[in-house]
Amino acid sequence: MKKEFATFSGTVPALYCQYLGPLFFEPYAVDIAMRLKESNVQKILEIACGTGRVTRRIRQTIPASAELVAADLNPSMLEVVKGAL
């Protein structure tokens with residue numbers, strides 16, 4: 001028997017970003033960005049970045065010369081990140 005998994009594809013990633021992101025993830029994104037504000041970080045790896053809400057906040061906070069790699073298992077979610085950075 002083949003296992004079925006829920007997928008975030010089609011319009012789901014954009015709707016997830018628009019409606020669930022602000023509600024569930026924005027407070028964490030702001031908190032993480034504030035924690036990085038005074039640091040001298042040069043490399044960041046973000047795992048399970050989803051649609052990139054935290055990724056965007058981190059990118060806005062760290063120096064332009066710092067390297068930020070964001071990863072997610074879902075290619076459709078990553079497409080939303082690419083369009084927003």
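These are my notebook entries on a predicted model, from its overall build down to a few residues.

**Ground rules**

I number residues from 1 along each chain as its sequence is written. Because the model is predicted, I took local features only at pLDDT of at least 70 and side-chain atom pairs only at pLDDT 80 or more, while totals for chains, interfaces and linings use all residues, and side-chain values use heavy atoms, with hydrogens and water left out.

**Overall build**

I began with the secondary structure and found three helices and two strands. I took helices (H or I, at least four residues) and strands (E, at least two) as DSSP runs, numbered from the N terminus. Along the sequence they come in the pattern α-β-α-β-α.

Next I looked up the extent: the C-alpha atoms fill a box of roughly 50 × 25 × 20 Å along the principal axes. The accessible surface is about 6,200 Å², and 62% of that belongs to carbon and sulfur atoms. Such areas come from the Shrake-Rupley method with a 1.4 Å probe; for residues, only the protein chains shown count as cover.

How much of the protein is buried? Of its 85 residues, 31% are. For me, buried means under 20% relative accessible area, exposed over 50%, and partly exposed in between (1.4 Å probe, protein chains only).

I also checked contacts, meaning heavy atoms within 4.5 Å. Among those with a separation of 6 or more, 63% join residues 24 or more positions apart.

**Salt bridges**

My search turned up four salt bridges, each a side-chain nitrogen of Lys or Arg within 4 Å of a carboxyl oxygen of Asp or Glu.

Glu26 meets Arg53 at 2.8 Å, N to O. Glu26 sits in helix H1 and Arg53 in helix H2 (residues 53–61), so this pair ties together parts 27 residues apart in sequence. Glu26 also meets Arg57, at 2.3 Å, N to O. Arg57 is in helix H2 as well, so that pair ties together parts 31 residues apart.

Which of these residues are buried? Both Glu26 and Arg53 are, with Glu26 at a relative accessible area of 16%. Arg57, at 31%, is partly exposed.

I noted one more bridge, Glu79 to Lys82, at 3.4 Å, N to O. These two are three residues apart in helix H3 (residues 75–84), about one helical turn. Lys82 counts as exposed at 59%.

I then turned to Glu46 in strand S1 (residues 43–47).

Glu46 does have a polar contact of 2.4 Å with the side chain of Thr55. That term covers a pair of N or O atoms within 3.5 Å; within protein, one must be able to donate a hydrogen and the other to accept it, and residues adjacent in sequence count only if both atoms are side-chain atoms. Beyond four places in sequence, Glu46 touches Val54, Thr55, Ile58, Val69, Ala70 and Ala71.

**Ile32**

Last, I looked up Ile32 in helix H1 (residues 12–37). Ile32 is partly exposed at 32%. Leaving aside neighbours within four places in sequence, Ile32 is in contact with Val54 and Ile58.
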